[in-house]
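Please open the structure in your viewer and follow this tour from one selection to the next.

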Amino acid sequence: MKNRIWVLAIWMLGISASVSMAQETKINWIEIDRAFEVNEKTPRKIFIDVYTDWCGWCKKMDENTFTNPVIASYLTQKFHAVKFNAEGSKDITYKGKVYKNKGQGQRNPHEFAIAILQGRLSYPSIVFMDENNNLITYIAGYLTPEQLEPIMAYIESDAYKTQKWEDFRAKFVSKLNTVANP
């Protein structure tokens, strides 16, 4: 009887820990204008997921990459995480200029998407900005957790300022295999 109680207690603790981890690793996505505003008081690099509603790979990245507990935790703790619809209609003020979506109809890119992707519209894309809201770089295409984790660490740690990507990547130690994925 005592063994059953211990087994039940351990099982309940495991469920509680899994639920707690899932809640802690959910990304708190914010809008781009909010990220600029928050960055004034709490400076961090900005991570922008540039997507469209019709993009299948964007949805796959949401399902597979951004739900990974290590990725979600890293984004939540180290960046201001932004979701930006590249075809959205909301005006964006960036560095004193107002960016709009001037298109009529479907699949018209927003001027801000064109600016931060430097005219190379590809979805999904990830954009990194520094603590002063300056563009660092962007990366086009679907990324797995294994691909995204070292890129985030490279940017967040400022290694990109002093190290070649290949050197950083060769020494990078992933945390993906040290955390059990629920």
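Which helices each supply at least two residues of the lining of the second largest pocket? They are α4 and α6 (145–156). Helices (H or I, at least four residues) and strands (E, at least two) are DSSP runs, numbered from the N terminus.

This is a predicted model, in which local features need pLDDT of at least 70 and side-chain atom pairs count only at pLDDT 80 or more, while totals for chains, interfaces and linings use all residues. Residues are numbered from 1 along each chain as its sequence is written, and side-chain values use heavy atoms, with hydrogens and water left out.

**Stop 1: the second largest pocket**

Select Val70, Tyr74, Glu149, Phe172 and Lys175, which lie nearest the centre of this pocket among its 11 lining residues. A pocket is found on a 1 Å grid over the protein atoms alone, as an open set of points where a 1.4 Å probe fits, with protein on both sides within 12 Å along at least five of seven lines; lining residues have an atom within 4 Å of a point. The space amounts to about 150 Å³, where a volume is the space filled by probe spheres set on the points, and grid points are joined across faces, edges and corners. Helix α4 provides the largest share of the lining, five residues. By class, the lining has six nonpolar, two polar and three charged residues. Here Ala, Val, Leu, Ile, Met, Phe, Trp, Tyr, Cys and Pro count as nonpolar, Asp, Glu, Lys and Arg as charged, and the others, Gly among them, as polar.

**Stop 2: the sheet**

Next, select the four strands of the open sheet, whose order is β2-β1-β5-β6 and whose pairing is mixed. Two strands pair if DSSP finds at least two bridges between them. Strands β2 (79–85) and β6 (135–140) stand at the edges with a single partner strand each, so one side of each has no neighbour in the sheet. From one strand to the next, the twist averages 20 degrees.

Strand β1 (residues 45–51) pairs with β2 in the parallel sense over seven bridges; Lys45 has Phe79 of β2 as its bridge partner. Helix α2 (residues 32–41) packs on the sheet, touching β1, β2 and β5 (125–129), and its direction makes about 160 degrees with that of β2. Helix α4 (residues 69–78) also packs on the sheet, touching β1 and β2, at about 105 degrees to the direction of β2. Contact means heavy atoms within 4.5 Å; axes are lines fitted to C-alpha atoms, for helices over the stretch in contact, and angles run from 0 to 180 degrees between N-to-C directions.

**Stop 3: strand β5**

Strands β1 and β5 run antiparallel, joined by five bridges, and Asp49 has Ile126 as its bridge partner. Five bridges also join β5 to β6, again antiparallel. The hairpin of β5 and β6 has five residues between the strands, and there Asn133 takes a positive phi near 65 degrees.

**Stop 4: the largest pocket**

Finally, select Glu31, Lys83, Phe84, Asn85 and Lys90, which lie nearest the centre of the largest pocket among its 13 lining residues. This pocket holds about 190 Å³ of space. Strand β2 gives the most to its lining, with three residues.
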